[in-house]
Amino acid sequence: MDTRRPTALACERMAPLVDDLVDDRLDQAAREPLESHLAGCESCRRMADDLREIRRSARTLPTHAPRPEVWARIAHQLAAPTPASPRTFWTGARVALAMAAVMVVSVVTSVVVLRGPRLSPQPTRPAQTGPAQATAAAVHPSGSDTVKDVGEYLRIADANYQQAITGLETIVATEQAVLDPAVAATLQKNMGIIDQAIRESRTAIASQPASQLAQTSLFDALRQKVALLEDTIALINVMRKGDQAGAARIIGGVIKS
Amino acid sequence: MKTCRFLTAFSIAGVVLLAGPARAAVPASAAPSIADQGQQQTEKFSKTVPLAKGGTFDLSNISGNIVITGGSGDQVVIDAVKKGKNADEFKDVTIEVTATANRVDVRTRYPEGRRNISVSVDYTVTVPRSAAVNVKSISGDEKLTGLDGELHANTISGSLSVTAASDVRSVKSISGDVHLTTAKSSGTLTVGSISGGVTLKDVKAGEIQISSISGDVKAEEVTSNRVSAKSISGEIAFAGPLAKGGRYELTSHSGDVNVYTSDKVGIEVSASTFSGDITSDLVLTSKFGGDTPAGRGRRMRQSVQGTFGDGSAVLQLSSFSGNIRIVKR
């Protein structure tokens with residue numbers, strides 16, 4: 001007789017409700033039996049805890065939407081006729097992809113928040129050895145595995161931000177000549193300061209992966225880097241309108257005079 | 001906290017689109033006077049136009065300082081001085097004033113397709129106190145005083161000073177310092193600089209958002225129910241007063257975060273630092289029971305949650321590598 005089966009069935013029945021419990025969407029009638037089950041089922045309780053942790057971590061990820069003028073710039077690049085000469089590596093499409101990568105942060109966040117990890121609940125049962133346990137471990141991530149998944153989500157978000165930043169930096173590097181050199185230098189200096197903050201935050205996360213402050217600092221700095229790059233591109237964009245390069249040179253001339 | 005924004009394409013475009021085709025302008029009411037001071041040429045420009053109560057004054061300049069002062073009348077008085085060394089360049093830079101009953105726009109226009117034009121225009125303007133004012137500049141300082149209407153001021157390279165203004169909404173610079181003194185806002189006040197410092201003194205607003213990347217942020221005698229101040233490498237110093245029910249979020253990555261407050265208002269503190277120190281002159285009661293080990297100048301843990309008094313003002317303080325101090329005044 002399999003004494004675990006009734007508990008496993010209970011887990012199956014209760015698991016879909018855990019998301020709603022964590023999101024505080026259950027009424028009292030649904031909440032009571034679930035909380036009762038969680039009290040006696042370590043696995044489901046761990047899953048609920050993991051979901052709460054993931055939501056907490058996900059909340060540190062900012063939702064980021066590129067500003068319209070930046071999108072306009074990208075659209076302009078996409079619409080521009082292909083020049084005869086070789087294009088730079090970061091074509092409009094690639095930039096769009098880079099920006100889309102930023103949006104992935106939101107998507108990841110949304111997915112994490114809305115769905116949570118697809119874990120199959122494990123019933124509380126005595127420790128067992130042998131192939132059965134090995135199979136279960138392969139299918140059902142342990143608590144620490146799930147926490148590792150949180151770290152993975154953060155790494156994915158970091159990577160997506162970095163990908164977007166790389167794309168934006170390439171645009172800026174290619175076209176910042178339209179900016180007054182003093183302004184460009186100021187912007188570059190401050191981007192370096194943000195880069196330093198990003199490096200320090202990443203180092204801190206490497207040494208203390210659970211540090212919420214390190215996570216918050218990292219994503220704050222990444223968000224500011226994207227914002228500053230977008231602002232810089234917006235500035236480049238308007239400088240280019242009409243004869244904006246000339247306008248920028250005018251300023252350069254004035255500053256030097 | 002919202003993402004800090006130092007520029008907006010809208011505001012920049014307002015400045016940079018000066019080189020576009022000239023619009024119909026109100027004929028100049030005063031002929032310019034020209035003086036040749038050796039190589040340097042100067043030209044004075046004066047014009048006065050009416051502006052209805054509640055109207056808008058908009059000034060966009062490329063290079064040169066701007067002084068705008070609120071006056072008691074219902075007229076806009078524009079005095080400008082154009083400066084340059086090259087005669088051809090000099091005459092190609094023009095001042096355009098466009099006026100309707102409710103709006104006065106002033107633009108400095110530079111010729112299209114030309115580079116390295118070393119001509120600047122300094123403006124001294126008096127507007128009706130109640131006028132809404134938008135002022136934008138690429139290079140030059142802006143000094144704005146005695147304005148009661150909604151105020152937006154931007155510059156890319158230059159400092160900004162706003163004094164005695166009743167409805168300041170946004171004041172931003174890329175590389176200059178920003179100072180607000182004796183100012184109010186009926187909405188959300190946004191103040192920022194990328195590399196310059198930001199100083200607020202005697203400022204009242206429902207919500208204040210302050211940001212800088214490498215500059216320091218200093219706020220003294222700032223009355224607001226919601227303050228957000230952020231810097232990456234700059235120090236943040238906030239000297240209230242803290243309001244009951246107020247919320248104050250002060251964050252720096254590598255700079256110190258200092259709060260100066262009296263013991264008359266209760267605070268609920270959430271403070272965290274990764275590698276800095278947290279100290280408090282006020283004895284905080286831990287949210288988890290017992291007093292936090294706080295005493296004058298005494299170091300606490302790297303993360304502190306506690307209350308003092310009734311905890312009616314919420315302080316969220318964080319610095320990744322800087323120190324956090326709560327100092328009793």
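1. Are the residues of strand 9 (residues 132-139) of chain B mostly covered or mostly uncovered? Strand 9 of chain B is mostly covered, with eight of its eight residues buried. Here a residue is buried if 20 or more other C-beta atoms lie within 10 Å of its own, exposed if 12 or fewer, and partly exposed in between, with C-beta atoms placed from the backbone. Helices (H or I, at least four residues) and strands (E, at least two) are DSSP runs, numbered from the N terminus.

2. The model is predicted: local features need pLDDT of at least 70, side-chain atom pairs count only at pLDDT 80 or more, and totals for chains, interfaces and linings use all residues. Residues are numbered from 1 along each chain as its sequence is written, while chains are lettered from A and ligands numbered from 1 in the order in which they are written.

3. On confidence, the predictor assigns the complex an ipTM of 0.81 and a pTM of 0.70. The average pLDDT (the predictor's confidence in each residue, from 0 to 100) of chain B is 85, and 83% of its residues score at least 70. Within chain B the lowest confidence belongs to helix 1 (residues 9-16), with a mean of 40, and the highest to strand 4 (residues 66-71), at 97. Residues 6-31 of chain B have a pLDDT below 50, yet this stretch has 62 contacts in the model beyond near neighbours in sequence. Two residues are in contact if their C-beta atoms, placed from the backbone, lie within 7 Å. Where pLDDT is low, the predicted coordinates should not be read in detail.

4. The two chains can be set side by side. Chain A has 10 helices and zero strands, in the sequence pattern α-α-α-α-α-α-α-α-α-α. Chain B has two helices and 24 strands. Of the 257 residues of chain A, 40% are buried; for the 329 residues of chain B the figure is 51%. Taking contacts between residues at least 6 apart in sequence, 78% of those in chain A join residues at least 24 apart, and in chain B 48% do.

5. Strand 9 of chain B has parallel partners. Strand 3 (residues 56-63) of chain B pairs with strand 9 in the parallel sense over seven bridges; two strands pair if DSSP finds at least two bridges between them. In this part of the chain, B:N61 stands opposite B:S137 of strand 9. Strand 10 (residues 142-157) of chain B also pairs with strand 9 in the parallel sense, over six bridges. The bridge partner of B:V135 in strand 10 is B:A153.

6. The largest nonpolar core has 66 residues, and those with the most contacts inside it are B:V133, B:L144, B:V162 and B:F238. A nonpolar core is a set of buried Ala, Val, Leu, Ile, Met, Phe, Trp, Tyr and Cys residues joined through C-beta atoms within 7 Å. Strand 13 (residues 198-212) of chain B gives the most to this core, six residues. Another core, of 49 residues, lies apart from it and includes A:I171, A:V183, B:I156 and B:I232.

7. B:L180, in strand 12 (residues 178-193) of chain B, is buried because it has 29 C-beta neighbours inside 10 Å. Residues up to four places away in sequence aside, B:L180 touches B:V162, B:V168, B:V171, B:V191, B:L200 and B:V203. B:L144 is 36 residues from B:L180 in sequence and 9.7 Å from it in space, C-alpha to C-alpha.

8. B:F238 and B:V259 can be read together. Beyond neighbours within four places in sequence, the contacts of B:F238 are B:A219, B:V227, B:A229, B:Y248, B:L250 and B:V259. B:V259 belongs to strand 18 (residues 257-261) of chain B and counts as buried because 27 C-beta neighbours lie inside 10 Å. Not counting residues up to four places away in sequence, B:V259 touches B:F238, B:L250, B:L315, B:L317, B:I326 and B:V327.

9. In chain A, A:I194 sits in helix 8 (residues 181-207). Why does A:I194 count as buried? A:I194 counts as buried because it has 25 C-beta neighbours inside 10 Å. Leaving out residues up to four places away in sequence, A:I194 touches A:A221, A:Q224, A:K225 and A:L228, together with B:I213 and B:I232 of chain B. A:I194 and A:L218 are 24 residues apart along the chain, and their C-alpha atoms are separated by 9.8 Å.
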